[in-house]
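User: I have not seen this structure before. Can you walk me through it?

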Amino acid sequence: MMKEVFVSGRTELAGNHTDHQNGRILASAIDLGITARCETNGSGVVHINSEGYEPFDIKVSQLAVNPREFGTPAALVRGVMDGFDEMGLAIGGFNAEISSTLPAGAGLSSSAAFSVLIGKILSELFNGGKVEPVVIARLAQRAENKHFGKPCGLMGLVCALGHTLYADFKTNEVEPIEADFDSMGLTLCLTDTGGSHAGLDTSYARIPADMIYIANMFDKGVLGDVDPEEFRSKGWDPSNRPVRRAMHFFDENERVPRMRDALKRGDGQEYMRLMNESGRSSEELLNNIVTSATGDTKLLQGLKKSEELLSGKGAWRVHGGGFAGCVQALMPKEYFAEYKEEMEKIFGENSCKEIKLV
């Protein structure tokens, strides 16, 4: 019997590069996502026909990591199935027709959403729909890390749960949040600056590697397990890149619950103030805006234009991993039309989209 499965994309609200260090995040599912029409096929082969990609097949009996697939949808399918199989969950052959409203590479977690979608398909078709969303999210992360070659954290949990949430990956606290920028008179938007993510794997990987390097100095595996005050008590050289990135982690990790609280009480002004703090920290300490790997400055251009348009009015920050992709901006509704017009003069028609939280 044909089934339809939908998974939302997500927008990061706070917690830039904190998730992979057992830190805190604030993120939300959005009104864009990925849909699959799927059914079992009684064979040992998965057939995927995904809009915008070449169709491909995966044999259920061949789930080992294939380095030649790194960065491809096939790797994600194979990886999620491998995780299900390792946990003793049922898998099998199926056909899936997949369509998406998520722009690839725009920082809306399209790879995580796709991985979660495969997990939900396997849950629905072979496990009675009973696999918990948190389990699906962790298996999706495992597929991205191990099979896809992307050292991401667990912010894809938002795709699996499908709403706005605050999460602390050290304590395993997950809190659903009622979030509504409309009621605050604010518009949230993302501008895709058009920078390519190609060639950025090393730049992305250096961020968690630098943070882990500092954590190891305290005999810890990740920065989330390091005492912030013990870190700050050391006489660090701030010109050192790993040190700056650790400084960003601790500052950002403490900012996330403050942004959560501002969102919960509907305090748009305080939220925007903290959002700008987060953006400055990413630019100045995390340094995930421009990389020598590509020399691409489109993201920087988008941030500088946003500052020109919104200074004293709204907020702007890098969205997601950085080095390319999107600028996230939040502003009173009356400024959005002008902001969109000016950003699209630079980055093209429909590059700036209003985003609704769900």
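Predicted model: local features only at pLDDT ≥ 70, side-chain atom pairs only at ≥ 80, totals over all residues.

User: Where is F84, and what does F84 touch?

Analyst: F84 sits in helix α1. Leaving aside neighbours within four places in sequence, F84 is in contact with L89, A90, I91, G119, L122, S123, N127, V131, I136 and L139. For V131, which is 47 residues away along the chain, the C-alpha atoms are separated by 9.7 Å.

User: What does the chain contain in terms of helices and strands?

Analyst: The protein chain has 10 helices and 11 strands.

User: And the overall dimensions, what box do the C-alpha atoms fill?

Analyst: Along the principal axes, the C-alpha atoms fill a box of roughly 60 × 50 × 40 Å. A compact globule of 358 residues would have a radius of gyration near 21 Å, and the protein chain has 20 Å, which agrees.

User: How much of the chain is buried?

Analyst: Of the 358 residues, 54% count as buried. The protein chain exposes about 15,000 Å², and carbon and sulfur atoms supply 47% of that area.

User: What share of the contacts joins residues at least 24 apart?

Analyst: The share is 73%, taken among contacts between residues at least 6 apart in sequence.

User: What about charges, how many positive and negative?

Analyst: There are 38 positive and 50 negative charges. Their mean positions are 2 Å apart.

User: Back to the helices. Which residues of α3 are buried?

Analyst: Helix α3 covers residues 133-148, and its buried residues are I136, A137, L139, A140, Q141, R142, A143, E144, H147 and F148. Two of these, I136 and L139, are also among the contacts of F84.

User: What covers them?

Analyst: The cover over the buried residues of α3 includes α1 (73-86), α2 and α4 (157-161).

User: What comes just after α3?

Analyst: G149 does, with a positive phi of about 85°.

User: Which non-glycine residues have a positive phi?

Analyst: N22 is one of them, at about 55°. N350 also has a positive phi, of about 65°, although it is not a glycine.

User: What else is in the loop between β1 and β2?

Analyst: D19 is there, in the loop that runs between β1 (3-14) and β2 (24-40). D19 counts as buried, at 11% relative accessibility. D19 and F169 are 150 residues apart in sequence, yet 7.0 Å apart in space, C-alpha to C-alpha.

User: Switching to α2, where is I121 and what does I121 touch?

Analyst: I121 lies in helix α2, residues 110-126. Not counting residues up to four places away in sequence, I121 touches V5, A36, C38, F94, A96 and F126. I121 counts as buried, because its relative accessibility is 0%. A96 is 25 residues from I121 along the chain, and their C-alpha atoms are separated by 8.8 Å.

User: C38 is a cysteine. How many disulfides does the model have?

Analyst: The count comes to zero disulfides. C38 is in none, and its nearest cysteine sulfur, that of C159, is 17 Å away. C38 itself counts as buried, at 0% relative accessibility.

User: Is C352 buried or exposed?

Analyst: C352 is buried, with a relative accessible area of 1%.

Notes
Residues numbered from 1 in each chain as written. Heavy atoms only, no water. Helix = DSSP H or I, 4+ residues; strand = E, 2+ residues; numbered from the N terminus. Rg over C-alpha atoms; globule rule 2.2 N^0.38 Å. Buried < 20%, exposed > 50% of the residue type's maximum accessible area, 1.4 Å probe, protein only. Contact = heavy atoms within 4.5 Å. Areas by Shrake-Rupley, 256 points an atom, 1.4 Å probe, with all protein chains shown as cover. Lys, Arg positive; Asp, Glu negative; His and termini not counted. Charge placed at Lys NZ, Arg CZ, Asp CG, Glu CD. Disulfide = S-S within 2.5 Å.
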